[in-house]
Amino acid sequence: MMSYKKQITRFLSLLVVFVGVTSCFRPVAYLQNKPNYPVDVFYENQRPERPFDPLQDLEIKGEVPLMRRQWDNGRMLSRGNDAQQKELMLARLTIQAKKLGADALVAVRYTYYTSMTDNGYVMTGLAVKYKHEYENSAK
């Protein structure tokens with residue numbers, strides 16, 4: 001027979017899992033490694049040191065089915081996309097920015113949600129063009 005303390009701990013654990021599976025998640029996940037992208041990348045809490053002009057907001061979004069490793073015996077084991085999927089999304093976003101003539105992506109943000117069958121994701125960023133140094137000295 002479980003002690004009262006163990007029963008409370010187990011109940012709270014199950015409650016956290018239930019709330020986690022049934023609610024919408026919007027965490028921000030930053031990539032740890034530094035791949036070489038065609039433009040500079042700055043996450044939402046970072047800013048380039050150089051002045052810039054905004055070009056266009058960019059967005060990549062979609063849904064993918066849960067993978068077997070994320071779902072087992074009716075339990076959610078992990079959520080969101082793995083690092084490779086995030087890098088691929090960021091690469092696609094930086095290519096879009098480069099096609100616009102951007103030098104950088106700023107305010108890059110990755111969010112996701114998980115349903116019973118799918119992972120949904122959105123990655124956004126602002127494509128920007130750096131101002132040239134001679135423009136700053138003329139002002």
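The buried residues of helix H2 pack against strands E1, E2, E5 (104–114) and E6. Contact here means heavy atoms within 4.5 Å. Helices (H or I, at least four residues) and strands (E, at least two) are DSSP runs, numbered from the N terminus. The model is predicted: local features need pLDDT of at least 70, side-chain atom pairs count only at pLDDT 80 or more, and totals for chains, interfaces and linings use all residues. Residues are numbered from 1 along each chain as its sequence is written, and side-chain values use heavy atoms, with hydrogens and water left out.

**Overall layout**

The protein chain holds three helices and six strands. Along the sequence they follow the pattern α-β-β-β-β-α-β-β-α. Of its 139 residues, 28% count as buried. Buried means under 20% relative accessible area, exposed over 50%, and partly exposed in between (1.4 Å probe, protein chains only). Among contacts with a separation of 6 or more, 76% join residues 24 or more positions apart.

**Helix H2**

H2 covers residues 83–99, 17 residues in total. From first C-alpha to last, H2 reaches 24 Å, close to the 24 Å expected at 1.5 Å a residue. That expected span is 1.5 Å times one less than the number of residues. Lys-86, Met-89, Leu-90, Leu-93, Thr-94 and Ala-97 are buried in H2. They cover an arc of only 135° around the axis, so they lie on the same side of H2. The arc is taken from the directions that run from the helix axis to the C-beta atoms. Gln-84, Leu-88 and Lys-99 are exposed, on the face turned away from the buried side. Just after H2, Gly-101 takes a positive phi of about 90°.

**The sheet**

Four strands form an open sheet in the order E1-E5-E6-E2, with mixed pairing. Its edge strands are E1 (40–43) and E2 (52–65), and each pairs on one side only. Neighbouring strands are turned by 25° against each other on average, direction ignored. Axes are lines fitted to C-alpha atoms, for helices over the stretch in contact, and angles run from 0 to 180 degrees between N-to-C directions. Two strands pair if DSSP finds at least two bridges between them. Strands of a sheet pair through backbone hydrogen bonds, either parallel or antiparallel.

Two pairings compare as follows.

| Strand pair | Sense | Bridges |
|---|---|---|
| E2 and E6 (residues 118–130) | antiparallel | 13 bridges |
| E5 and E6 | antiparallel | nine bridges |

Val-64 has Asn-119 of E6 as its bridge partner. Pro-54 stands opposite Val-128 in E6. Thr-111 stands opposite Val-122, also in E6.

Ala-107 lies in E5. Its phi is near 55°, a positive value in a residue other than glycine. Ala-107 is partly exposed, with a relative accessible area of 31%.

**Nonpolar cores**

A nonpolar core is a set of buried Ala, Val, Leu, Ile, Met, Phe, Trp, Tyr and Cys residues joined through side-chain atoms within 4.5 Å. The largest has 17 residues, of which Leu-90, Ala-97, Leu-105 and Met-123 touch the most other members. E2, H2, E5 and E6 each give two or more residues to this core. A second, separate core of five residues includes Phe-42, Ala-104, Val-106 and Val-128.

Ala-97 touches Val-39, Leu-58, Ala-102, Leu-105 and Ala-127, not counting residues up to four places away in sequence.
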